[in-house]
Amino acid sequence: MNIKKLSIATVLLSSLVVSGAGSAFASSQGDTIKIGNLKIVERVYENPEEYDFTDALTKNDSSKIGPMGNDMTGKVYEMSKKDLYKSKSYEADIENDSNENDTFSRKVTRKTFLTGKIGVEAETKVNWRLIEGKVGINAEVAFGDEETIETTHSWIIPKRTVTTVEYGSKAVKTTGNIVEYFQGRVVDSNYVNVKYSYKEYSSKKSKDL
């Protein structure tokens with residue numbers, strides 16, 4: 001787990017804003033910040049934390065295409081693994097010890113990405129279309145690209161709770177093979193191991209004080 005310290009530049013550019021309480025600046029990672037009735041501890045992940053993997057492979061996804069006669073010629077993606085997961089960039093624990101709900105807003109960033117191995121480099125575009133079509137989830141960026149997106153996100157913090165909020169990217173990881181058939185026979189096969197982001201996510205979980 002890699003957690004980066006909040007630099008002075010980040011502190012100045014990324015204020016915490018709480019309804020009815022004005023604004024304040026995070027001095028460093030792990031410090032407790034008190035704004036109004038809220039006590040806040042932040043964690044910013046320089047290398048996003050990958051977790052909450054869920055196996056999303058169906059029987060139809062994993063069924064291999066065997067020899068099908070002279071009409072079976074061309075390439076297909078035969079998928080053996082499809083995991084959905086979260087790539088967490090930001091997290092905070094927020095204690096609200098008052099008898100009223102409050103709002104917590106934060107300028108946050110997340111990484112979009114598409115990386116891995118999809119066969120011969122010269123056939124990247126063709127292979128990627130096969131992979132994306134089989135997985136059924138569109139990537140946010142082109143193969144090999146990575147971008148950092150900044151936005152301001154808000155959460156309602158219920159009264160008399162400790163609430164953990166998160167922000168990051170939803171992602172998918174897939175493995176399998178790009179298989180080329182000619183008249184029903186396999187003439188080439190290339191291993192695939194790819195992971196990519198497809199949308200943002202935010203969440204919160206509250207426990208009563």
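Are Arg 43 and Glu 91 buried or exposed? I looked up both residues in this predicted model and found that Arg 43 and Glu 91 are buried.

**Entry: Arg 43 and its partners**

I next examined how the two side chains relate to each other. Arg 43 and Glu 91 form a salt bridge, with an N to O distance of 3.0 Å. I noted that this pair links distant parts of the chain, since Arg 43 belongs to strand E4 and Glu 91 to strand E5, 48 residues apart.

I then looked for a further partner of Arg 43. Asp 93 also forms a salt bridge with Arg 43, and the closest N and O atoms are 3.0 Å apart. This pair again links distant parts of the chain, with Asp 93 in strand E5 and Arg 43 in strand E4, 50 residues apart.

I checked the accessibility of this second pair. Arg 43 has a relative accessible area of 16%, and because buried means under 20%, Arg 43 counts as buried. Asp 93 stands at 25% relative accessibility and therefore counts as partly exposed.

Arg 43, Glu 49, Lys 88, Glu 91, Asp 93 and Glu 166 are joined by salt bridges into one network.

**Entry: Glu 42 and Arg 106**

The side chain of Glu 42 meets that of Arg 106 in a salt bridge of 2.4 Å, N to O. I located Glu 42 in strand E4 (residues 38–55) and Arg 106 in strand E6 (residues 102–117), 64 residues apart. Glu 42 and Arg 106 are both buried. For the record, I counted 11 salt bridges in the model.

**Entry: nonpolar cores**

I then asked which residues have the most contacts inside the largest nonpolar core. They are Trp 128, Ile 131, Val 135 and Tyr 196, in a core of 15 residues. At least two residues of this core come from each of strand E5 (74–96), helix H3 (124–135), strand E8 (161–182) and strand E9 (185–208).

I traced the surroundings of Trp 128, setting aside neighbours within four places in sequence. Trp 128 is in contact with Leu 114, Ile 118, Ala 139, Val 194 and Tyr 196. Apart from the core described above lies another, of 14 residues, including Val 44, Tyr 90, Ala 92 and Phe 104.

Conventions: Residues are numbered from 1 along each chain as its sequence is written. This is a predicted model: local features need pLDDT of at least 70, side-chain atom pairs count only at pLDDT 80 or more; totals for chains, interfaces and linings use all residues. Side-chain values use heavy atoms; hydrogens and water are left out. A nonpolar core is a set of buried Ala, Val, Leu, Ile, Met, Phe, Trp, Tyr and Cys residues joined through side-chain atoms within 4.5 Å. Buried means under 20% relative accessible area, exposed over 50%, partly exposed in between (1.4 Å probe, protein chains only). Helices (H or I, at least four residues) and strands (E, at least two) are DSSP runs, numbered from the N terminus. Contact means heavy atoms within 4.5 Å. A salt bridge is a side-chain nitrogen of Lys or Arg within 4 Å of a carboxyl oxygen of Asp or Glu.
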